[in-house]
Amino acid sequence: MTTSRRDRPVALMSLGHACVDVYQGAVAALVPYFVAERAYSYAAASGVVLAASLLSSLVQPLFGVLTDRWAMPWLLPLSALTAGAGVALSGVTGSYALTLAVVAVSGVGVAAYHPEAARVARVVAQGRHTAWAGSPSAATRASPWRPCFAVVATGGLRASPLLVVPALAGAALCAAAVRSAGSGARSEAASAAAGEDDWGSFLRLSGAVVCRSVVFVGLGTFVALYVRERTGGGAAAGTAALFVLYAGGAAGTLVGGRLAERYGRTAVVRRSYALTVPAVAGLVLVPGPPVYLFVALTSAGLYVPFSLHITLGQDFLPRRAGAASGVTLGLAVSVGGLAAPALGALADATSLRSALLPLIALPALGRLLLCGLREPAPQGTAAAERSGPRDPAAR
């Protein structure tokens with residue numbers, strides 16, 4: 001199957017983004033190995049996730065503002081390499097402090113990459129908000145733990161330097177995508193930035209994404225350990241649960257784009273949050289093998305709206321697409337990592353089950369924030385379209 005000249009930059013950006021997104025989920029996926037090989041407590045292990053998220057959450061909106069002002073195509077390959085280098089070193093550092101430092105560097109790389117990448121991906125997709133989500137690489141992006149598990153399960157944490165390989169591939173693909181897109185991408189982006197910024201809707205969306213982030217990062221950090229404890233199945237049981245959590249997202253990301261074309265993005269996002277509430281409740285409360293079904297449902301509920309958050313944020317702030325991407329992919333997403341130490345400390349003081357119980361309420365809160373949210377017009381549409389009828393599914 002050949003790729004048309006029009007779709008070539010989209011394919012390259014999507015594959016490059018897939019490689020970099022390995023590192024957005026890698027640190028949480030390595031937590032069970034930090035616990036097993038280094039005897040970290042739950043709080044100490046979740047502190048590693050915090051280190052990867054803290055600087056990322058603070059600087060990613062800043063990178064978004066910068067990409068709105070200046071063209072920085074060189075930032076894509078450089079940030080990809082930075083993200084990979086930090087994770088690659090995390091398994092071979094001899095001290096806890098150095099581990100925190102290198103994963104923080106990786107977090108900065110992820111932060112620098114995503115605002116520019118999200119904006120460029122939207123531009124080269126020519127406004128098709130499902131082109132990125134529906135690409136063949138979505139399955140890879142939805143399963144960031146796979147290369148981590150394959151490498152670390154075989155060679156232990158000392159094999160982590162091999163995890164730099166996706167970063168090398170991602171840097172090359174992103175450089176090729178920028179060359180393929182040509183100089184027209186920046187002018188197209190400028191012409192697309194028409195319309196008025198809707199800060200009220202954007203802040204409500206960001207609040208919902210924060211709720212989603214805490215649930216996703218909390219489960220990504222602890223679901224393997226929790227399922228091992230609940231089922232008594234050992235390491236294999238926990239690994240299977242982590243597989244389901246991330247692999248289920250492949251279908252969720254693809255389905256989200258298709259459903260959005262038919263029903264509208266805001267309607268799909270609201271229903272996804274509604275699904276996530278009973279799914280997380282089942283995951284935490286139902287014992288035995290049925291837990292895997294609820295992990296799969298949780299994965300779908302969390303992943304279906306993922307790419308839709310990004311394009312909605314850009315369309316709510318059409319004049320600040322980079323900053324919007326920085327928030328929806330940065331501050332709002334990384335806050336889950338900021339909450340991870342609190343969950344870890346609660347788990348150390350009580351139990352993992354008690355620590356995960358609060359996650360049931362968060363998607364319900366996110367759903368409330370989304371009530372009545374209007375479907376924005378895609379970037380580049382006429383102002384008349386922006387003042388069209390309300391989303392009929394809003395309620």
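This is a predicted model: local features need pLDDT of at least 70, side-chain atom pairs count only at pLDDT 80 or more; totals for chains, interfaces and linings use all residues.
Phenylalanine 222 is buried, at 1% relative accessibility.

A search of the whole structure gives seven aromatic pairs. In one of them, the ring centres of tyrosine 42 and phenylalanine 222 are 6.1 Å apart with the planes at 90°, so the pair is edge-to-face. Tyrosine 42 belongs to helix α2 and phenylalanine 222 to helix α10, so the pair ties together parts 180 residues apart in sequence. Tyrosine 42 is partly exposed, with a relative accessible area of 21%.

Tryptophan 199 and phenylalanine 202 make another edge-to-face pair, 6.0 Å centre to centre and 90° between the planes. Those two residues are three apart in helix α10, about one helical turn. Tryptophan 199 is partly exposed at 41%, while phenylalanine 202 is buried at 3%.

Next, the cluster. Phe216, Tyr246, Tyr303 and Phe306 are linked by ring pairs. Arginine 212 has its charged end over the ring of phenylalanine 216, 4.7 Å from the centre. Arginine 212 also lies over the face of tyrosine 303, at 5.7 Å from the ring centre.

Now alanine 171, in helix α8, residues 165–181. Alanine 171 is buried, with a relative accessible area of 8%. Its C-alpha atom is 6.9 Å from that of leucine 76, 95 residues away along the chain. Beyond neighbours within four places in sequence, alanine 171 is in contact with Pro77, Ala80 and Leu81.

Last, the cysteines. How many disulfides are there? The count is zero. For cysteine 174, the nearest cysteine sulfur is that of cysteine 19, 7.8 Å away. Cysteine 174 is buried at 0% relative accessible area, and cysteine 211 is buried at 5%.

Notes:
Residues are numbered from 1 along each chain as its sequence is written. Side-chain values use heavy atoms; hydrogens and water are left out. A disulfide is a pair of cysteine sulfur atoms within 2.5 Å. Buried means under 20% relative accessible area, exposed over 50%, partly exposed in between (1.4 Å probe, protein chains only). Helices (H or I, at least four residues) and strands (E, at least two) are DSSP runs, numbered from the N terminus. Contact means heavy atoms within 4.5 Å. Rings of Phe, Tyr and Trp (its six-membered ring) pair if their centres lie within 6.5 Å; planes under 30 degrees apart count as stacked, over 60 as edge-to-face and the rest as tilted. A charge sits over a ring if NZ of Lys or CZ of Arg is within 6 Å of the ring centre and within 35 degrees of the ring normal.
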